[in-house]
Amino acid sequence: MIAHLDLGRENRPYETELLAAAQRVLTSGWYILGKELAAFETEWAAYCGTSHCLGVGNGLDALTLIFKALELPAGSEVIVPAHTYVASVLSITNAGLTPRFVEPDTASYNIDPQEIESQITEKTRAILVVHLYGKCCDMKPIWELARRYNLKIVEDAAQAHGALYQGQKAGNLGDAAAFSFYPTKNLGALGDAGAVTTNDAELARRVGLLRNYGSEIKYYNELQGTNSRLDEIQAALLRVKLPHLEADNRRRRHIAHRFLTEIHSSLLQLPPAQTYDQDVWHLFVVRARQREEFMAYLAEQGIQTAIHYPVAPHQQAAYAEYHHLSLPLTEQLHREVVSLPLYPTLTDQEVDQIIQAVNAYSLVVAE
Ligand SMILES: *Cc1c(COP(=O)(O)O)cnc(C)c1O
(Lines give C-alpha, C1' and ligand atoms only; values in the text may rest on other atoms or scores of the structure.)
Protein backbone atom coordinates (compact mmCIF):
# COMPACT_ATOMS: atom_id res chain seq x y z
CA MET A 1 0.00 0.00 0.00
CA ILE A 2 1.24 3.48 -0.83
CA ALA A 3 0.19 5.66 2.08
CA HIS A 4 -1.00 9.19 1.49
CA LEU A 5 1.79 10.18 3.86
CA ASP A 6 4.02 8.16 6.20
CA LEU A 7 5.66 10.44 8.75
CA GLY A 8 7.79 7.71 10.35
CA ARG A 9 9.30 7.02 6.95
CA GLU A 10 9.84 10.75 6.26
CA ASN A 11 11.80 11.21 9.49
CA ARG A 12 13.79 7.96 9.38
CA PRO A 13 16.68 9.43 7.33
CA TYR A 14 17.30 11.97 10.13
CA GLU A 15 16.79 9.63 13.08
CA THR A 16 20.36 9.63 14.39
CA GLU A 17 20.70 13.40 14.11
CA LEU A 18 17.26 14.02 15.64
CA LEU A 19 18.09 11.83 18.64
CA ALA A 20 21.41 13.64 19.09
CA ALA A 21 19.65 17.03 18.98
CA ALA A 22 17.05 15.95 21.57
CA GLN A 23 19.85 14.58 23.75
CA ARG A 24 21.72 17.88 23.49
CA VAL A 25 18.67 19.79 24.76
CA LEU A 26 17.99 17.27 27.50
CA THR A 27 21.55 17.54 28.78
CA SER A 28 21.57 21.36 28.55
CA GLY A 29 18.89 21.62 31.24
CA TRP A 30 17.31 24.61 29.40
CA TYR A 31 13.99 23.85 27.68
CA ILE A 32 12.11 27.06 26.86
CA LEU A 33 13.30 30.29 25.13
CA GLY A 34 16.95 29.35 24.88
CA LYS A 35 19.84 28.99 22.47
CA GLU A 36 18.21 26.45 20.13
CA LEU A 37 15.21 28.69 19.50
CA ALA A 38 17.39 31.76 18.98
CA ALA A 39 19.54 29.83 16.50
CA PHE A 40 16.53 28.46 14.64
CA GLU A 41 14.94 31.91 14.45
CA THR A 42 18.15 33.30 12.92
CA GLU A 43 18.34 30.40 10.46
CA TRP A 44 14.67 30.57 9.43
CA ALA A 45 14.78 34.36 8.95
CA ALA A 46 17.89 33.93 6.78
CA TYR A 47 16.19 31.20 4.77
CA CYS A 48 13.12 33.37 4.15
CA GLY A 49 15.16 36.52 3.60
CA THR A 50 13.43 38.47 6.38
CA SER A 51 15.04 40.48 9.14
CA HIS A 52 12.98 38.89 11.95
CA CYS A 53 11.62 35.50 12.95
CA LEU A 54 9.79 34.56 16.17
CA GLY A 55 9.14 30.93 17.01
CA VAL A 56 5.68 30.23 18.41
CA GLY A 57 3.63 27.22 19.46
CA ASN A 58 1.93 26.40 16.14
CA GLY A 59 0.73 27.87 12.85
CA LEU A 60 -2.65 29.01 14.10
CA ASP A 61 -1.01 30.95 16.95
CA ALA A 62 1.47 32.46 14.49
CA LEU A 63 -1.44 33.88 12.46
CA THR A 64 -3.47 34.95 15.49
CA LEU A 65 -0.50 36.69 17.14
CA ILE A 66 0.21 38.62 13.92
CA PHE A 67 -3.37 39.92 13.89
CA LYS A 68 -3.18 40.84 17.59
CA ALA A 69 0.20 42.53 17.09
CA LEU A 70 -1.16 44.58 14.18
CA GLU A 71 -3.54 46.23 16.69
CA LEU A 72 -6.25 46.86 14.09
CA PRO A 73 -9.34 48.77 15.27
CA ALA A 74 -12.08 46.56 16.78
CA GLY A 75 -14.52 45.33 14.13
CA SER A 76 -11.97 45.58 11.32
CA GLU A 77 -12.49 43.31 8.34
CA VAL A 78 -9.89 41.02 6.86
CA ILE A 79 -10.05 39.66 3.31
CA VAL A 80 -9.48 35.89 3.33
CA PRO A 81 -9.74 33.20 0.64
CA ALA A 82 -12.91 31.14 1.07
CA HIS A 83 -11.04 28.07 -0.15
CA THR A 84 -8.54 27.45 2.65
CA TYR A 85 -7.88 25.44 5.77
CA VAL A 86 -10.14 26.60 8.62
CA ALA A 87 -7.15 27.86 10.66
CA SER A 88 -6.81 30.87 8.34
CA VAL A 89 -10.32 31.98 9.29
CA LEU A 90 -10.00 31.02 12.97
CA SER A 91 -7.02 33.34 13.32
CA ILE A 92 -9.13 36.28 12.17
CA THR A 93 -12.09 35.55 14.43
CA ASN A 94 -9.83 34.60 17.37
CA ALA A 95 -8.27 38.06 17.10
CA GLY A 96 -11.72 39.68 17.26
CA LEU A 97 -11.78 40.59 13.56
CA THR A 98 -14.30 39.82 10.80
CA PRO A 99 -13.49 37.68 7.75
CA ARG A 100 -14.61 38.72 4.26
CA PHE A 101 -14.48 35.63 2.04
CA VAL A 102 -13.19 35.83 -1.51
CA GLU A 103 -13.61 33.10 -4.12
CA PRO A 104 -10.61 31.23 -5.54
CA ASP A 105 -9.20 31.25 -9.01
CA THR A 106 -10.19 27.66 -9.84
CA ALA A 107 -7.05 27.10 -11.93
CA SER A 108 -4.55 27.93 -9.17
CA TYR A 109 -6.85 27.19 -6.18
CA ASN A 110 -5.56 30.43 -4.58
CA ILE A 111 -7.49 33.64 -3.90
CA ASP A 112 -8.63 35.31 -7.12
CA PRO A 113 -7.08 38.80 -7.04
CA GLN A 114 -9.80 40.07 -9.41
CA GLU A 115 -12.46 39.28 -6.80
CA ILE A 116 -10.82 41.06 -3.86
CA GLU A 117 -11.75 44.66 -4.62
CA SER A 118 -15.52 44.07 -4.53
CA GLN A 119 -15.16 42.80 -0.93
CA ILE A 120 -13.22 45.83 0.34
CA THR A 121 -15.27 48.15 2.56
CA GLU A 122 -14.38 51.14 4.72
CA LYS A 123 -13.72 48.67 7.56
CA THR A 124 -11.20 46.53 5.66
CA ARG A 125 -7.71 46.72 7.15
CA ALA A 126 -5.86 43.63 5.93
CA ILE A 127 -5.65 40.88 3.34
CA LEU A 128 -4.72 37.37 4.51
CA VAL A 129 -3.23 35.55 1.54
CA VAL A 130 -2.90 31.77 1.78
CA HIS A 131 -0.29 30.09 -0.43
CA LEU A 132 -2.36 26.94 -0.63
CA TYR A 133 -0.88 23.54 -1.53
CA GLY A 134 2.64 25.06 -1.82
CA LYS A 135 1.96 27.66 -4.51
CA CYS A 136 2.34 31.38 -3.91
CA CYS A 137 -0.60 33.66 -4.57
CA ASP A 138 -0.41 36.04 -7.50
CA MET A 139 0.98 38.88 -5.37
CA LYS A 140 1.43 41.74 -7.85
CA PRO A 141 -2.25 42.74 -8.10
CA ILE A 142 -2.60 42.15 -4.33
CA TRP A 143 0.34 44.46 -3.54
CA GLU A 144 -1.31 47.02 -5.82
CA LEU A 145 -4.65 46.81 -3.96
CA ALA A 146 -2.93 46.94 -0.57
CA ARG A 147 -1.13 50.11 -1.57
CA ARG A 148 -4.27 51.70 -3.01
CA TYR A 149 -6.48 50.93 0.00
CA ASN A 150 -3.76 51.09 2.67
CA LEU A 151 -4.20 47.45 3.75
CA LYS A 152 -1.77 45.20 5.61
CA ILE A 153 -0.83 41.94 3.90
CA VAL A 154 -0.50 38.86 6.11
CA GLU A 155 0.69 35.58 4.59
CA ASP A 156 -0.48 32.16 5.67
CA ALA A 157 2.62 30.32 4.50
CA ALA A 158 1.87 27.11 6.43
CA GLN A 159 2.00 25.09 3.19
CA ALA A 160 4.66 27.09 1.39
CA HIS A 161 8.08 26.64 3.05
CA GLY A 162 10.57 27.68 0.37
CA ALA A 163 7.98 28.52 -2.30
CA LEU A 164 8.92 31.42 -4.57
CA TYR A 165 7.02 34.28 -6.16
CA GLN A 166 9.10 35.92 -8.87
CA GLY A 167 12.24 34.72 -7.09
CA GLN A 168 11.19 35.96 -3.63
CA LYS A 169 10.42 33.53 -0.81
CA ALA A 170 7.03 32.96 0.75
CA GLY A 171 7.23 34.54 4.19
CA ASN A 172 8.76 37.68 2.69
CA LEU A 173 5.88 38.80 0.46
CA GLY A 174 3.82 40.91 2.87
CA ASP A 175 3.89 42.74 6.21
CA ALA A 176 4.18 39.49 8.19
CA ALA A 177 3.88 35.76 7.56
CA ALA A 178 2.88 32.73 9.57
CA PHE A 179 4.47 29.31 9.23
CA SER A 180 3.41 26.01 10.73
CA PHE A 181 5.90 23.23 11.38
CA TYR A 182 3.17 20.68 12.09
CA PRO A 183 4.65 17.24 11.33
CA THR A 184 3.03 16.92 7.87
CA LYS A 185 4.31 20.25 6.53
CA ASN A 186 7.25 20.56 4.13
CA LEU A 187 9.40 21.43 7.15
CA GLY A 188 7.84 19.44 9.97
CA ALA A 189 8.72 19.17 13.67
CA LEU A 190 7.93 16.10 15.80
CA GLY A 191 5.06 17.93 17.44
CA ASP A 192 3.46 21.35 17.22
CA ALA A 193 5.56 24.34 16.19
CA GLY A 194 5.20 27.57 14.23
CA ALA A 195 6.88 30.88 13.42
CA VAL A 196 6.24 34.46 12.37
CA THR A 197 8.51 36.17 9.87
CA THR A 198 8.51 39.91 9.20
CA ASN A 199 10.71 42.85 8.24
CA ASP A 200 8.85 45.14 10.66
CA ALA A 201 10.92 45.49 13.84
CA GLU A 202 8.07 46.85 15.97
CA LEU A 203 5.66 44.13 14.84
CA ALA A 204 8.32 41.52 15.62
CA ARG A 205 8.77 43.02 19.07
CA ARG A 206 5.05 42.83 19.81
CA VAL A 207 4.78 39.21 18.58
CA GLY A 208 7.79 38.41 20.77
CA LEU A 209 5.98 39.86 23.79
CA LEU A 210 2.58 38.36 22.97
CA ARG A 211 3.91 34.79 22.72
CA ASN A 212 5.35 35.11 26.22
CA TYR A 213 2.50 36.54 28.37
CA GLY A 214 3.08 40.00 26.91
CA SER A 215 6.27 40.21 28.87
CA GLU A 216 9.83 41.11 27.95
CA ILE A 217 11.16 41.47 31.47
CA LYS A 218 10.05 38.54 33.59
CA TYR A 219 7.02 39.33 35.78
CA TYR A 220 6.45 42.73 34.07
CA ASN A 221 3.62 42.58 31.49
CA GLU A 222 3.39 45.22 28.83
CA LEU A 223 0.63 43.50 26.77
CA GLN A 224 -2.16 40.99 27.48
CA GLY A 225 -0.31 38.12 25.88
CA THR A 226 -0.57 34.38 25.80
CA ASN A 227 1.75 31.41 26.20
CA SER A 228 2.77 30.18 22.75
CA ARG A 229 6.47 29.41 22.50
CA LEU A 230 8.42 27.12 20.21
CA ASP A 231 10.23 24.93 22.73
CA GLU A 232 13.93 24.09 22.66
CA ILE A 233 13.53 20.45 21.64
CA GLN A 234 11.32 21.23 18.65
CA ALA A 235 13.65 24.08 17.63
CA ALA A 236 16.65 21.73 17.81
CA LEU A 237 14.82 19.10 15.73
CA LEU A 238 13.83 21.70 13.12
CA ARG A 239 17.49 22.79 12.88
CA VAL A 240 18.37 19.21 11.91
CA LYS A 241 15.80 19.16 9.11
CA LEU A 242 16.10 22.71 7.76
CA PRO A 243 19.35 22.07 5.81
CA HIS A 244 17.47 19.32 3.90
CA LEU A 245 14.41 21.39 3.00
CA GLU A 246 15.70 22.52 -0.40
CA ALA A 247 16.56 18.96 -1.45
CA ASP A 248 13.19 17.72 -0.19
CA ASN A 249 11.40 20.45 -2.16
CA ARG A 250 13.43 19.55 -5.28
CA ARG A 251 12.32 15.94 -4.91
CA ARG A 252 8.69 17.08 -4.53
CA ARG A 253 9.07 19.17 -7.72
CA HIS A 254 10.52 16.24 -9.60
CA ILE A 255 7.57 14.04 -8.62
CA ALA A 256 5.08 16.81 -9.43
CA HIS A 257 6.65 17.25 -12.84
CA ARG A 258 6.25 13.53 -13.53
CA PHE A 259 2.58 13.66 -12.47
CA LEU A 260 2.00 16.75 -14.63
CA THR A 261 3.58 15.27 -17.72
CA GLU A 262 2.68 11.57 -17.40
CA ILE A 263 -0.88 11.63 -16.09
CA HIS A 264 -3.34 11.75 -18.98
CA SER A 265 -6.99 11.75 -18.05
CA SER A 266 -10.04 13.48 -19.38
CA LEU A 267 -11.77 12.80 -16.04
CA LEU A 268 -9.35 14.80 -13.94
CA GLN A 269 -8.15 18.36 -13.87
CA LEU A 270 -4.48 18.61 -12.94
CA PRO A 271 -2.99 21.58 -11.05
CA PRO A 272 -1.41 24.34 -13.15
CA ALA A 273 2.13 23.71 -14.38
CA GLN A 274 3.27 27.25 -15.25
CA THR A 275 5.12 27.89 -11.98
CA TYR A 276 5.83 24.27 -11.13
CA ASP A 277 9.53 24.98 -10.44
CA GLN A 278 8.67 27.79 -7.95
CA ASP A 279 5.99 25.80 -6.14
CA VAL A 280 6.93 23.45 -3.29
CA TRP A 281 4.12 20.95 -3.85
CA HIS A 282 3.00 20.54 -0.26
CA LEU A 283 0.07 18.68 -1.83
CA PHE A 284 -0.63 17.50 -5.36
CA VAL A 285 -4.33 18.23 -5.73
CA VAL A 286 -6.40 17.13 -8.71
CA ARG A 287 -10.10 17.70 -9.34
CA ALA A 288 -12.37 14.73 -10.01
CA ARG A 289 -16.06 15.04 -10.83
CA GLN A 290 -16.64 11.53 -9.45
CA ARG A 291 -14.42 11.92 -6.43
CA GLU A 292 -15.67 9.02 -4.30
CA GLU A 293 -15.40 6.62 -7.23
CA PHE A 294 -11.88 7.84 -8.11
CA MET A 295 -10.67 7.49 -4.52
CA ALA A 296 -12.21 4.03 -4.19
CA TYR A 297 -10.57 2.90 -7.44
CA LEU A 298 -7.14 4.07 -6.28
CA ALA A 299 -7.67 2.46 -2.87
CA GLU A 300 -8.34 -0.86 -4.62
CA GLN A 301 -5.03 -0.37 -6.43
CA GLY A 302 -3.30 0.13 -3.07
CA ILE A 303 -3.01 3.92 -3.27
CA GLN A 304 -4.30 6.03 -0.44
CA THR A 305 -5.56 9.54 -1.22
CA ALA A 306 -6.92 12.36 0.95
CA ILE A 307 -9.18 15.40 0.71
CA HIS A 308 -7.93 18.91 1.50
CA TYR A 309 -10.55 19.88 2.53
CA PRO A 310 -14.03 18.29 2.60
CA VAL A 311 -15.93 21.24 4.16
CA ALA A 312 -15.33 24.94 3.40
CA PRO A 313 -14.78 27.17 6.45
CA HIS A 314 -17.99 29.18 5.81
CA GLN A 315 -19.99 25.92 5.88
CA GLN A 316 -18.48 24.55 9.10
CA ALA A 317 -20.80 23.98 12.06
CA ALA A 318 -18.56 26.38 14.00
CA TYR A 319 -19.40 29.23 11.62
CA ALA A 320 -23.21 29.24 11.49
CA GLU A 321 -23.13 33.01 10.97
CA TYR A 322 -21.64 32.43 7.48
CA HIS A 323 -23.90 29.58 6.34
CA HIS A 324 -26.03 32.02 4.34
CA LEU A 325 -23.09 32.94 2.09
CA SER A 326 -23.03 31.51 -1.40
CA LEU A 327 -19.51 30.82 -2.62
CA PRO A 328 -20.13 28.42 -5.51
CA LEU A 329 -16.55 28.07 -6.78
CA THR A 330 -15.26 27.30 -3.29
CA GLU A 331 -18.07 24.83 -2.67
CA GLN A 332 -17.38 23.10 -5.99
CA LEU A 333 -13.67 22.79 -5.20
CA HIS A 334 -14.47 21.29 -1.81
CA ARG A 335 -16.59 18.67 -3.59
CA GLU A 336 -13.96 17.81 -6.23
CA VAL A 337 -10.44 18.03 -4.80
CA VAL A 338 -8.35 14.91 -4.15
CA SER A 339 -4.72 14.83 -3.03
CA LEU A 340 -2.44 12.17 -4.51
CA PRO A 341 0.50 10.91 -2.43
CA LEU A 342 3.49 13.22 -2.93
CA TYR A 343 6.38 13.30 -0.47
CA PRO A 344 10.15 13.22 -0.70
CA THR A 345 10.68 9.56 0.23
CA LEU A 346 8.30 8.24 -2.49
CA THR A 347 10.42 5.99 -4.70
CA ASP A 348 10.45 6.24 -8.49
CA GLN A 349 8.69 2.87 -8.61
CA GLU A 350 5.92 4.14 -6.36
CA VAL A 351 5.55 7.23 -8.55
CA ASP A 352 5.27 4.89 -11.60
CA GLN A 353 2.60 2.90 -9.78
CA ILE A 354 0.54 6.01 -8.94
CA ILE A 355 0.74 7.31 -12.52
CA GLN A 356 -0.26 3.92 -13.95
CA ALA A 357 -3.21 3.56 -11.59
CA VAL A 358 -4.51 7.08 -12.28
CA ASN A 359 -4.20 6.57 -16.03
CA ALA A 360 -5.87 3.16 -15.79
CA TYR A 361 -8.83 4.70 -13.92
CA SER A 362 -9.67 6.81 -16.97
CA LEU A 363 -9.69 3.72 -19.17
CA VAL A 364 -11.81 1.67 -16.77
CA VAL A 365 -14.42 4.42 -16.50
CA ALA A 366 -14.41 5.11 -20.25
CA GLU A 367 -15.29 1.46 -21.00
C1 LIG B 1 -1.44 23.65 8.88
C2 LIG B 1 -2.06 24.93 8.51
C3 LIG B 1 -2.33 25.93 9.46
C4 LIG B 1 -2.24 25.73 10.94
O5 LIG B 1 -1.05 25.26 11.42
P6 LIG B 1 -1.02 24.50 12.84
O7 LIG B 1 0.42 24.44 13.15
O8 LIG B 1 -1.63 23.16 12.61
O9 LIG B 1 -1.78 25.34 13.80
C10 LIG B 1 -2.80 27.15 9.01
N11 LIG B 1 -3.05 27.37 7.72
C12 LIG B 1 -2.83 26.43 6.78
C13 LIG B 1 -3.10 26.77 5.35
C14 LIG B 1 -2.35 25.17 7.14
O15 LIG B 1 -2.15 24.24 6.21
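## Ligand site, pocket and cavity

In this predicted model, the lining of the largest cavity is made up of 8 nonpolar, 2 polar and 2 charged residues. That cavity has a volume of about 90 Å³. The ligand, by contrast, is found in the largest pocket, which holds about 600 Å³ of space.

**Cavity**

- The structure contains 1 cavity of 30 Å³ or more.
- Its lining includes S108 and Y109, together with the run L132, Y133, G134 and K135.
- P271, P272, D279, W281, L283 and V285 also line the largest cavity.

**Largest pocket**

- The lining of the largest pocket consists of 33 residues, which divide by class into 19 nonpolar, 10 polar and 4 charged.
- Y85, Y182, T184, K185 and Y309 are the lining residues that lie nearest the centre of this pocket.
- At least two lining residues come from each of helix 4 (59–70), helix 5 (86–94) and strand 8 (176–180).

**Ligand surroundings**

- Around the ligand are N58, G59, L60, Y85, A87, V130, D156, A158, Q159, S180 and K185.
- By class, this shell has 5 nonpolar, 4 polar and 2 charged residues.
- Y85 and K185 belong to the shell around the ligand, and both are also among the residues nearest the centre of the largest pocket.

**Ligand contacts**

- The side chain of K185 places an N or O atom 2.6 Å from an oxygen atom of the ligand.
- For Q159, a polar side-chain atom is 2.8 Å from a ligand oxygen atom.
- L60 takes part through its backbone, where a polar atom lies 2.9 Å from an oxygen atom of the ligand.
- On its own the ligand has 390 Å² of accessible area, and the protein covers 91% of that area.

**Backbone features**

- The peptide bond between H308 and Y309 is cis, with omega at about 15°.
- Y309 is located in the loop between helix 10 (291–300) and helix 11 (328–336), and Y309 is also one of the residues nearest the centre of the largest pocket.
- Y213 is not a glycine, yet its phi is positive, at about 65°.
- The position of Y213 is in the loop that runs between helix 7 (201–210) and helix 8 (232–241).

Notes
Residues are numbered from 1 along each chain as its sequence is written. This is a predicted model: local features need pLDDT of at least 70, side-chain atom pairs count only at pLDDT 80 or more; totals for chains, interfaces and linings use all residues. Side-chain values use heavy atoms; hydrogens and water are left out. A residue is near a molecule or strand if one of its heavy atoms lies within 4 Å of it. A polar contact is a pair of N or O atoms within 3.5 Å; within protein, one must be able to donate a hydrogen and the other to accept it, and residues adjacent in sequence count only if both atoms are side-chain atoms. Accessible areas come from the Shrake-Rupley method with a 1.4 Å probe; for residues, only the protein chains shown count as cover. On a 1 Å grid over the protein atoms alone, a cavity is a set of points where a 1.4 Å probe fits but cannot get out, and a pocket is an open set with protein on both sides within 12 Å along at least five of seven lines; lining residues have an atom within 4 Å of a point. A molecule sits in a cavity or pocket if more than half of its atoms lie within 2 Å of its grid points. Ala, Val, Leu, Ile, Met, Phe, Trp, Tyr, Cys and Pro count as nonpolar, Asp, Glu, Lys and Arg as charged, and the others, Gly among them, as polar. Grid points are joined across faces, edges and corners, and a volume is the space filled by probe spheres set on the points. Helices (H or I, at least four residues) and strands (E, at least two) are DSSP runs, numbered from the N terminus.
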